[in-house]
Amino acid sequence: TTLPLKLNQAGVIPVIFAQPVIVLLVMLAASPLLAKIGLDQFMGYGNPGRRDDGLGPLFAEEIEKLKLPNVTVETNYQLTVEDAHLVSQYDVVIFVDADAVSEDPFYFREIGLGRDAINRVSTGHVGFSTHSVTPDEVVQLAHELFRAKMRTYILGIRGYEFEEFGEGLTAFAKKNFKLAF
C-alpha cells in the first residue's frame with residue numbers, strides 16, 4: 001500500500017490527512033521489505049527545559065511506547081557529530097525536532113544529499129559546528145565517513161516558545177503535536 005503523497009515546491013509533504021506519521025510508522029513496521037533489510041531508528045532531539053523545544057523528545061517517547069518491531073528510539077538535547085556513526089547503522093532514520101518557522105503545524109520530508117551537499121562531501125568541505133549540527137550534516141557525515149546509504153527523513157513539528165525556561169508545551173504546540181502524532 002502506498003500513500004498518495006505529493007511534495008510541495010519546498011519538497012515537503014503538506015498536511016493532507018489525519019495522523020500521517022502513525023500511518024507511516026505502521027506501514028514501515030509492517031513492511032516485509034523493511035523486515036528483510038534491517039532496523040529503523042527515530043531520533044528525537046531538543047531541550048524539554050525550553051518549552052516547545054521538547055517536541056522532538058516527547059514524540060520519541062510516544063513512539064517508544066508503541067513498541068514497534070525493528071524500531072529503535074534515541075533522544076538527546078541536540079545532534080552531535082557522533083550521531084553520524086549511530087545513524088549509519090540503520091536503513092531508515094527519522095529525525096524529529098521542533099520547528100520555529102514553519103507555516104504548517106508539521107512537515108515530513110526526505111533528507112537527501114543534494115548537489116551542494118555532494119559537492120561539499122566530495123571535495124572534503126563538509127562544514128559543521130559541534131555546537132549546532134543539523135540532520136542534513138549528520139547524514140552527510142554518515143555518507144562520507146561510513147559510506148552509509150540509509151533513507152533519512154525529518155519530521156518538524158511547529159513550536160512557538162523556545163526562549164522561556166520551563167517544562168511543558170504551549171497550547172498551540174500541543175495541538176500541533178497531536179496533529180503530527
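These legends describe close-up views of a predicted model.

Local features here need pLDDT of at least 70, side-chain atom pairs count only at pLDDT 80 or more, and totals for chains, interfaces and linings use all residues. Residues are numbered from 1 along each chain as its sequence is written, and side-chain values use heavy atoms, with hydrogens and water left out.

**View 1. The protein chain and its elements.**
The protein chain holds 7 helices and 5 strands. Helices (H or I, at least four residues) and strands (E, at least two) are DSSP runs, numbered from the N terminus. Read from the N terminus, the order is α-α-β-α-β-α-β-β-α-α-β-α. The protein chain has 181 residues, and 43% of them count as buried. Buried means under 20% relative accessible area, exposed over 50%, and partly exposed in between (1.4 Å probe, protein chains only).

**View 2. Strand 1, helix 3 and strand 2.**
Strand 1 (residues 40-45) pairs with strand 2 (residues 71-76) in the parallel sense, over 6 bridges. The chain passes from strand 1 through helix 3 to strand 2 in a right-handed β-α-β crossover. Pairing requires at least two DSSP bridges between the strands. A crossover is right-handed if, with the strands pointing away from the viewer, the path from the first strand over the helix to the second runs clockwise. Tyrosine 45 has asparagine 76 of strand 2 as its bridge partner.

**View 3. Helix 3 up close.**
Helix 3 spans residues 55-66, 12 residues in total. Its first and last C-alpha atoms lie 17 Å apart, close to the 16 Å expected at 1.5 Å a residue. The expected span is 1.5 Å times one less than the number of residues. Buried in helix 3 are Leu55, Gly56, Pro57, Phe59, Ala60 and Ile63.

**View 4. Two arginines with positive phi.**
Arginine 51 sits in the loop between strand 1 and helix 3. Its phi is near 55 degrees, a positive value in a residue other than glycine. Arginine 51 counts as buried because its relative accessibility is 17%. Arginine 147 is in the loop between helix 6 (135-146) and strand 5 (151-158). Phi of arginine 147 is also positive, near 55 degrees. Arginine 147 has a relative accessible area of 54%, so it is exposed.

**View 5. The second largest pocket.**
Of its 13 lining residues, Tyr45, Gln78, Asp97, Ser132 and Val133 lie nearest the centre. The lining divides into 5 nonpolar, 6 polar and 2 charged residues. Ala, Val, Leu, Ile, Met, Phe, Trp, Tyr, Cys and Pro count as nonpolar, Asp, Glu, Lys and Arg as charged, and the others, Gly among them, as polar. On a 1 Å grid over the protein atoms alone, a pocket is an open set of points where a 1.4 Å probe fits, with protein on both sides within 12 Å along at least five of seven lines; lining residues have an atom within 4 Å of a point.

**View 6. Contacts across the sequence.**
Leucine 113 lies in the loop between strand 4 (106-111) and helix 5 (115-122). Leucine 113 is partly exposed, at 25% relative accessible area. From leucine 113 to aspartate 136 is 23 residues in sequence and 7.9 Å in space, C-alpha to C-alpha. Aspartate 104 is in the loop between strand 3 (92-99) and strand 4. Aspartate 104 and arginine 158 are 54 residues apart in sequence and 7.1 Å apart in space, C-alpha to C-alpha.
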